[in-house]
Amino acid sequence: MRRVQSRVLDEARFLRQWAESPLKTGAVAPSGQELSRLMAGYVELDRPGVIVELGPGTGAVTQALVERGVPQERLLLIEYSSEFCTLLRERFPQATVVQGNAYALGDVLDDLGNPPVASVVSGLPLFTRPLPERQALMSAAMAAMSPGAPFIQFSYALVPAVKGLVGITWSTSRWVIANLPPARVWAYRSDEGVAAVAA
């Protein structure tokens with residue numbers, strides 16, 4: 001019963017944030033459990049470094065990561081909303097929660113001393129940003145990770161949110177029909193560790 005109440009409250013928080021700033025929040029509800037678990041399943045636990053989550057919101061995917069076995073101490077959560085940051089600090093007290101712009105990932109990592117990054121998990125509404133901003137984010141993530149490490153993104157779209165980068169490959173999951181709206185997971189990887197914009 002308590003879990004259901006928490007879910008309803010989270011959905012209300014998300015809806016309010018979306019109504020106030022739809023381009024920043026991007027979704028009208030948190031990711032469902034099935035989608036969250038699917039995203040968490042792409043994280044490679046044996047890779048050294050922190051697990052960066054971009055736009056964790058109320059922590060639906062974060063909780064799935066913890067349930068998968070990621071220690072909270074390995075989590076670096078970058079969230080724009082001060083309300084969501086407060087909630088994340090309460091729910092995941094051992095995680096590092098940074099209130100800031102997830103699209104400035106390189107700057108955030110610089111401020112933290114450039115820790116090695118094992119995986120990046122993104123709940124950002126990438127399609128609300130111009131392609132060059134998406135490419136810059138992906139390049140910063142790939143520069144922070146070792147070759148082959150995943151940038152994990154969920155999307156409602158039929159096409160990749162980031163394209164035009166040399167050395168990047170991607171794969172997609174099945175559709176999660178039960179999610180609102182239906183979504184799937186895209187996993188981007190770099191052969192070189194750093195992605196460059198195609199000429």
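Select V159 to start: its relative accessible area of 45% makes it partly exposed, a class lying between buried (under 20% relative accessible area) and exposed (over 50%), with a 1.4 Å probe and protein chains only. The model is predicted, so local features need pLDDT of at least 70 and side-chain atom pairs pLDDT 80 or more, while totals for chains, interfaces and linings use all residues. Residues are numbered from 1 along each chain as its sequence is written, and side-chain values use heavy atoms, without hydrogens and water.

V159 sits in the loop between β5 (151-155) and β6 (165-166); helices (H or I, at least four residues) and strands (E, at least two) are DSSP runs numbered from the N terminus.

Next, select R174 and E34. They form a salt bridge with the closest N and O atoms 2.9 Å apart; the term requires a side-chain nitrogen of Lys or Arg within 4 Å of a carboxyl oxygen of Asp or Glu. R174 is in the loop between β7 and β8 and E34 is in helix α3, 140 residues apart. R174 is partly exposed at 46%, as is E34 at 35%.

The structure holds 4 salt bridges. Another to display is R129 with E133, at 2.6 Å between the closest N and O atoms. Salt bridges with shared partners also join E44, R47 and R189 into one network; within it, R47 and E44 meet at 2.4 Å, N to O.

Now show helix α3 (residues 33-41) with helix α4 (residues 60-68): they pack at about 55 degrees, axes 8 Å apart. Axes are lines fitted to C-alpha atoms, for helices over the stretch in contact, with angles from 0 to 180 degrees between N-to-C directions.

Two backbone stops remain. L180 and P181 are joined by a cis peptide bond, omega about -10 degrees, and P181 lies in the loop between β7 (168-172) and β8 (184-190). N114, in the loop between α6 (105-111) and β4 (117-122), has a positive phi near 55 degrees. Most residues other than glycine have a negative phi, and most peptide bonds are trans.
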